[in-house]
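Thanks for coming, everyone. Let me put the chain up on the screen, and then we can walk through it together.

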Amino acid sequence: MSGPHIRPATNKDCAKVRALIFAVLDEYGLEPAPKTTDRDLDDIETFYAGGAFDVLETAEGDIIGTVGLWPLKGDGGDGAVELRKMYLKESARGRGHGKKLLTHAIKRAKELGFTRIELQTARVLEEALGLYAKYGFEHSETAALERRCDQALALKL
C-alpha cells in the first residue's frame, strides 16, 4: 500500500472534515467560526466551485488531512487563489503529509491557471509556518485578516 491518497472532497465529507478542522483549531487554542470563516464547510462543493477542496484519506476511509483552494475575486484577486483549511490530524503529522498536501495544492493551483496563492494563518501554527517558508511563501500585506489569523503569506506561481 502506498499510504494515504488525496481525493476531491464531496458534501458527504462535510461532517468528517468539520470535525477534523475544529479538533485541530481546538488543539491550538483557536476558535472555530461556523457562521463566518468556517461556513464553507457546510457546502464544500458549492463554496469551492472554480477552485478545489481535497482530503487526504487512508485506505480505511479515515480523513486525516484537508486543503482547499478558493478563487479570490474583486480588488487584487485577479489570478489569485486562497489556500484555505490546510489541516492535518495530530496523529498524521511528522510523516510528510503536510508536504504532500501543499505540493498537491500548488500543482493544482497552477493547473487551474492561478498565478498567486495567498493564505492567512496564525503564529501558533508553527509547523505550518515552517512548511510555508520552505516552499517560498513570503509575508504579504492584506486588507483584513480573519479573526483567528495574525498574518498573511503569498507565493507567486
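**Starting at one histidine**

His 139 sits in strand S6, which covers residues 138-139. A word on terms: helices (H or I, at least four residues) and strands (E, at least two) are DSSP runs, numbered from the N terminus. Before going on, note that this is a predicted model, where local features need pLDDT of at least 70, side-chain atom pairs count only at pLDDT 80 or more, and totals for chains, interfaces and linings use all residues. Residues are numbered from 1 along each chain as its sequence is written, and side-chain values use heavy atoms, with hydrogens and water left out.

Is His 139 buried or exposed? His 139 counts as exposed, because its relative accessibility is 61%. The cut-offs are these: buried is under 20% relative accessible area, exposed is over 50%, and partly exposed lies in between (1.4 Å probe, protein chains only). What does His 139 touch, if we skip residues up to four places away in sequence? Gln 151, Ala 152 and Leu 153. Contact here means heavy atoms within 4.5 Å. Now take Lys 85, 54 residues from His 139 along the chain. Their C-alpha atoms are separated by 18 Å.

His 97 belongs to helix H3, residues 97-111. His 97 has a relative accessible area of 11%, so it is buried. Set aside its neighbours within four places in sequence, and His 97 is in contact with Pro 4, Leu 56, Ile 64, Leu 88 and Ala 92.

**Charges and pairs**

Side chains of opposite charge can pair when their charged atoms come close. We call it a salt bridge when a side-chain nitrogen of Lys or Arg is within 4 Å of a carboxyl oxygen of Asp or Glu. How many salt bridges does that rule give? The count is 13.

Look at Arg 7. Its side chain forms a salt bridge with Asp 13, at 2.8 Å from N to O. Asp 13 is buried, because its relative accessibility is 7%. Arg 7 also has a salt bridge with Glu 57, at 3.0 Å from N to O. Arg 7 lies in strand S1 (residues 5-8) and Glu 57 in strand S2 (residues 52-57), so this pair ties together parts 50 residues apart in sequence. Glu 57 counts as buried too, at 12% relative accessibility.

There is also a network. Salt bridges with shared partners join Asp 38, Asp 40, Glu 82, Arg 84, Lys 85 and Arg 148. Elsewhere, Glu 118 and Arg 116 meet in a salt bridge, at 2.9 Å from N to O. Glu 118 is partly exposed, because its relative accessibility is 22%.

**The whole chain**

Now let's zoom out. The chain has four helices and seven strands. From the N terminus, the order is β-α-α-β-β-β-α-β-α-β-β. The C-alpha trace spans about 40 × 35 × 30 Å along its principal axes. Of the 157 residues, 45% count as buried. What about contacts between residues at least 6 apart in sequence? Of those, 64% join residues at least 24 apart.

Last, the radius of gyration, taken over C-alpha atoms. The globule rule is 2.2 Å times the number of residues to the power 0.38. For 157 residues, a compact globule would have a radius of gyration near 15 Å, and the chain has 15 Å, which agrees.
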